[in-house]
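Subject: Structure handover

Hello,

Please find the structure below, followed by notes on what was found in it.

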Amino acid sequence: GARGTACGGSLAGMAPGAPAAAKVAEAEPDDVAMLDGNTIEVMWQQTRKRVIKMHKRVGTVRYRPKQQRNRPDNVYLVEFERRRGTPRTAKGPRLRKTSWPKLRGRKYVVLRSPLKRPAGARWTPEEIEAVRVRIEAGEVHESVARGIGRSRDSVASCWKRFLPGYAPQSTRDGPRVKSGVTVELVESAMLTLPENEGTTVEVFEAVKRQAAMKGVALNLETAPGQRVVSRAERGVTIILTHRTYCPQFSATGEKRLSNVQTDRGAKRSQKSAVYKYLPPVVTAEREPGLPSTKRVRAHTPNVGGPKKSARKTKELLAGGDRRHG
């Protein structure tokens with residue numbers, strides 16, 4: 001009906017000093033979905049006189065395992081905002097006690113959450129279980145990500161561990177598994193490509209050829225959380241996209257579909273970014289006793305930098321600074 005259609009039962013019929021009606025379970029259910037603090041918008045439809053009407057309520061979920069309740073699994077307290085037109089005598093939010101099985105049967109989205117995990121933080125077992133139960137209940141990835149403080153891509157990657165056909169995710173408990181790919185191997189491979197550039201798949205094929213010539217063993221087993229990408233190909237992707245440790249590789253801004261991707265059965269819309277290798281400048285002079293020549297990155301002037309004057313920018317483009325000869 002229209003009354004109490006939000007979540008759970010009302011608090012109106014419960015007296016403050018009536019412990020006989022309130023039963024607290026000895027083993028309290030956990031916040032398995034990590035909903036504590038989530039502000040959600042619950043949606044449901046109601047049919048009255050053959051007219052279907054959609055209802056929406058916004059409320060904040062509180063995990064209250066010690067609250068008085070008639071049902072042991074009602075460990076959540078939802079503070080629903082009152083609608084416009086509510087009599088002024090009714091103050092404060094509408095309180096509804098509910099459980100995860102009841103919320104799971106509703107359609108809801110998370111509007112905001114106090115949780116915020118830093119990028120690259122290790123996944124906890126509680127977060128992994130929350131992703132599983134919430135997505136299985138029909139919640140979209142973006143809503144789950146907002147609820148647990150993660151990004152949508154990280155939630156989608158975590159969800160792959162529960163899908164058939166994907167390699168299990170790494171737990172990071174055992175020894176580190178190496179891919180066999182090194183920066184030097186990727187550099188030598190890209191020197192064999194036209195204009196020293198190519199997509200990740202093209203670079204990986206060149207890396208395999210270089211590894212076969214040099215006798216380097218590559219780890220071709222499926223990477224964790226992937227369907228077809230190997231550990232070695234994943235290692236090539238990390239090297240090409242790591243701007244801090246590998247600045248010699250940069251994206252050109254172009255995207256294309258290589259023949260290798262077509263052979264794999266990739267769709268025309270699945271284009272990959274093109275990366276270019278800029279070989280460092282090798283100095284001709286070196287001090288006696290050094291085992292090898294020093295590798296120096298080519299200087300790229302910051303033409304559009306806010307701290308460069310017009311004269312300084314013109315001198316840099318001309319090939320040098322007059323003050324330094």
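**Helices α2 and α3**

Helix α2 (residues 125-136) and helix α3 (residues 141-148) have axes that come within 10 Å and cross at roughly 145°. Axes here are lines fitted to C-alpha atoms, for helices over the stretch in contact, and angles run from 0 to 180 degrees between N-to-C directions. Helices (H or I, at least four residues) and strands (E, at least two) are DSSP runs, numbered from the N terminus. The crossing of α2 past α3 is right-handed; a crossing is left-handed if the near helix is turned anticlockwise from the far one by less than a right angle, and right-handed if clockwise.

On the α2 side, Glu127, Val131, Arg134 and Ile135 meet His141, Ser143, Val144, Gly147 and Ile148 of α3, where contact means heavy atoms within 4.5 Å. By class, this contact has four nonpolar, three polar and two charged residues. Ala, Val, Leu, Ile, Met, Phe, Trp, Tyr, Cys and Pro count as nonpolar, Asp, Glu, Lys and Arg as charged, and the others, Gly among them, as polar.

**The model as a whole**

This is a predicted model, in which local features need pLDDT of at least 70 and side-chain atom pairs count only at pLDDT 80 or more, while totals for chains, interfaces and linings use all residues. Residues are numbered from 1 along each chain as its sequence is written, and side-chain values use heavy atoms, with hydrogens and water left out.

The chain has nine helices and ten strands. Of its 325 residues, 35% count as buried, that is, under 20% relative accessible area, with exposed meaning over 50% and partly exposed in between (1.4 Å probe, protein chains only). Among contacts in the chain with a separation of 6 or more, 58% come from residues 24 or more positions apart.

**The five-stranded sheet**

Five strands form an open sheet in the order β4-β3-β2-β1-β5, with antiparallel pairing. Two strands count as paired if DSSP finds at least two bridges between them. β4 (94-98) and β5 (107-112) are at the edges with a single partner strand each, so one side of each is left without a neighbour in the sheet. On average, neighbouring strands of this sheet are turned by 35° against each other, direction ignored.

Strand β1 (residues 39-48) pairs with strand β2 (residues 51-63) over ten bridges, in the antiparallel sense. Arginine 48 has valine 51 in β2 as its bridge partner. The hairpin of β1 and β2 has two residues between the strands, and lysine 49 there takes a positive phi near 55°.

β2 is joined by five bridges to strand β3 (residues 76-80), and the two run antiparallel. Tyrosine 63 stands opposite tyrosine 76 in β3. Five bridges also join β3 to β4, again antiparallel, and here tyrosine 76 stands opposite threonine 98 in β4.

A second open sheet has three strands in the order β6-β8-β7, with antiparallel pairing. Its edge strands are β6 (197-199) and β7 (249-256), each pairing on one side only. Neighbouring strands are turned by 30° against each other on average, direction ignored. Three bridges pair β6 with strand β8 (residues 272-277) in the antiparallel sense, and glycine 198 stands opposite tyrosine 275 in β8.

α6 lies across β6, β7 and β8 and runs at about 110° to β6. Buried residues in α6 include Glu202, Ala206, Gln210 and Ala211. Just after α6, glycine 215 takes a positive phi of about 75°.

The axes of helix α6 (residues 200-214) and helix α7 (residues 231-241) come within 10 Å and cross at roughly 120°, in a right-handed crossing. Thr200, Val201, Val203, Phe204 and Val207 in α6 meet Ala232, Glu233, Val236, Thr237 and Leu240 in α7. The residues of this contact divide into seven nonpolar, two polar and one charged.

Alanine 223 lies in the loop between α6 and α7 and is buried, with a relative accessible area of 3%. Leaving aside neighbours within four places in sequence, alanine 223 is in contact with Ala167, Val229, Ser230, Arg231 and Arg234. The C-alpha atoms of alanine 223 and proline 168 are separated by 8.5 Å, although the two are 55 residues apart along the chain.

Regards
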